[in-house]
Amino acid sequence: MASVFRIVEALTSHSELSHQSETLVAHELVRALLELSGSSSFDVRVASLALLVEIATATATARGGASDAERDVEAKARGKMDDVLQTLASQLEHLLLDQQPIPVLCLRLTLLLLERDACGTLRTLRDVDFFRSLFRILLENDDNVYGGLVLFSVKILKHVITKATAADVEFLHGADLVDHLQRLTAKATDDLRGAERCLDANANSRAVGLLLDLLAVLNTVLKAVRAAVKKALLERTEGREESGGEIAETLLVKHRPLVSLTGQLTRMMCYEDSDVRDAVSKNLWLLVQLYGSDCAEVKEIFSTECLEAFALSLRAADAKRQKLILQIVKRLITSDTQFCSSLRENGGSLVSVIEGVQNTANETAEIRLKALAKEIISLVETPC
């Protein structure tokens with residue numbers, strides 16, 4: 001058995017050998033490895049799942065420049081891999097409860113299969129109640145959010161939320177998605193923020209990766225809520241009595257716990273990683289659009305630290321991001337007079353930066369930016 005695994009491993013780890021043996025992979029190895037994944041031997045289960053991951057990776061995409069015959073063989077190999085989850089589905093819950101590294105291998109394989117066929121794989125995962133197990137993993141590994149279990153679980157959620165259709169992921173809205181999203185995002189931002197962070201280089205890289213995946217999920221979720229709200233407003237404007245208003249209200253209430261992230265996202269607006277800064281700013285803008293006065297009720301937003309974060313991020317941003325930041329500030333000012341008062345009393349550095357934007361913005365290319373900065377200064381100077 002060990003020698004068989006070594007032969008298969010050699011085939012899958014050398015691309016030329018792997019492509020030359022695609023027929024064997026497609027018709028024999030995958031079937032055999034699936035049977036072995038249910039073996040009573042722990043080592044055999046580990047080896048078989050690891051090789052299935054390697055085969056799924058090797059057959060993920062067609063090669064450029066391949067002949068018609070080679071493409072046909074590769075298509076057969078990919079077709080066989082598409083059957084993997086159907087066969088593996090009945091074992092998923094048991095495998096996710098197994099000893100490491102079996103659960104991580106199982107999640108890696110699931111992610112690869114989702115990337116190949118999001119809708120088909122998602123239907124299978126729903127049929128076997130996979131996401132109940134996934135949310136349990138997120139909850140039980142709260143003290144190890146940068147381990148493989150949580151990282152791959154979040155990547156699976158990201159792929160499902162950002163790639164599948166709204167109808168396909170509607171069932172997640174009724175699950176614990178919002179609670180897990182809020183908790184994990186808060187954890188990642190707290191760990192990465194400021195001088196208090198105590199992560200080594202590898203852990204810091206994993207934390208950034210986790211946060212970016214979480215922010216991608218958050219962005220997609222908030223956009224879906226915004227789209228529902230816009231639809232409801234359009235129906236009201238046109239005098240149509242449809243279900244849009246009720247749906248929008250339900251989604252707004254269901255996702256309101258995400259408002260608690262307002263302060264943490266604000267403090268991350270001047271984080272050193274540009275991808276994080278960009279993603280954080282976009283999500284904060286969506287939050288204040290949807291929950292303006294609720295966001296302003298988060299007392300952190302009035303803190304000197306948050307006001308300074310706005311100032312630092314605005315000073316370092318390009319014109320496009322400056323406009324986004326100013327829109328956030330304006331929305332907060334017009335949503336709650338307390339934010340306006342706090343800005344006047346404790347936000348001198350932010351006001352100075354906004355005045356600088358107003359005075360230096362190019363008259364032609366950045367006229368809207370200049371006007372926005374001027375409007376904010378006027379609001380701050382007017383008694384609230």
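The legends below describe close-up views of one predicted model.

Local features are given where pLDDT is at least 70 and side-chain atom pairs where it is 80 or more, while totals for chains, interfaces and linings use all residues. Residues are numbered from 1 along each chain as its sequence is written, and side-chain values rest on heavy atoms, with hydrogens and water left out.

**Figure 1. The chain as a whole, with 22 helices and zero strands.** Helices (H or I, at least four residues) and strands (E, at least two) are DSSP runs, numbered from the N terminus. Of the 384 residues in the chain, 49% are buried; buried means under 20% relative accessible area, exposed over 50%, and partly exposed in between, with a 1.4 Å probe and protein chains only. The chain exposes about 18,200 Å², and carbon and sulfur atoms supply 50% of that area. Areas come from the Shrake-Rupley method with a 1.4 Å probe; for residues, only the protein chains shown count as cover. Among contacts (heavy atoms within 4.5 Å) with a separation of 6 or more, 70% involve residues 24 or more positions apart.

**Figure 2. The largest nonpolar core, around F131, F310 and F339.** A nonpolar core is a set of buried Ala, Val, Leu, Ile, Met, Phe, Trp, Tyr and Cys residues joined through side-chain atoms within 4.5 Å. The largest one has 117 residues, of which F131, F310 and F339 touch the most other members. Helix α14 (residues 201-237) gives the most to this core, with 14 residues. Leaving out residues up to four places away in sequence, F339 touches I301, F302, L307, F310, V329, L332 and I333. In soluble globular proteins, nonpolar side chains tend to be buried together.

Figure 3. Helix α10 is largely enclosed by the rest of the structure, because eight of its 11 residues are buried. These are F130, F131, S133, L134, F135, R136, I137 and L138. Phi of D129 is near 55°, a positive value in a residue other than glycine. D129 is partly exposed, with a relative accessible area of 38%.

**Figure 4. The cis peptide bond between Q100 and P101.** Omega of this bond is about 10°. P101 sits in the loop between α7 (92-96) and α8 (102-116).

**Figure 5. V225 and L222 on helix α14.** V225 counts as buried at 1% relative accessibility, and L222 counts as buried at 0%. Leaving aside neighbours within four places in sequence, V225 is in contact with L251, L252, H255 and L290. Under the same exclusion of residues up to four places away, L222 touches L258, N283, L286, L287 and L290. L222 and L284 are 62 residues apart in sequence and 10.0 Å apart in space, C-alpha to C-alpha. An α-helix has 3.6 residues a turn, so residues three or four places apart point the same way.

**Figure 6. L324 on helix α19 (residues 319-335).** L324 is buried, with a relative accessible area of 14%. Not counting residues up to four places away in sequence, L324 touches S281, K282 and W285. The C-alpha atoms of L324 and K282 are 7.7 Å apart, and the two residues are 42 apart in sequence.

**Figure 7. The largest cavity, with a lining that includes residues of α13.** A search of the whole structure finds one cavity of 30 Å³ or more, and the largest cavity holds about 50 Å³ of space. The elements that give two or more residues to its lining are α11 (148-163), α13 (177-192) and α14. On a 1 Å grid over the protein atoms alone, a cavity is a set of points where a 1.4 Å probe fits but cannot get out, and lining residues have an atom within 4 Å of a point. Points are joined across faces, edges and corners, and the volume is the space filled by probe spheres set on them. The lining consists of V154, L157, L177, H180, L181, L184, L214 and V217. Helix α13 supplies the largest share, four residues. By class, the lining residues are seven nonpolar, one polar and no charged; Ala, Val, Leu, Ile, Met, Phe, Trp, Tyr, Cys and Pro count as nonpolar, Asp, Glu, Lys and Arg as charged, and the others, Gly among them, as polar.

Technical notes: On a 1 Å grid over the protein atoms alone, a cavity is a set of points where a 1.4 Å probe fits but cannot get out, and a pocket is an open set with protein on both sides within 12 Å along at least five of seven lines; lining residues have an atom within 4 Å of a point.
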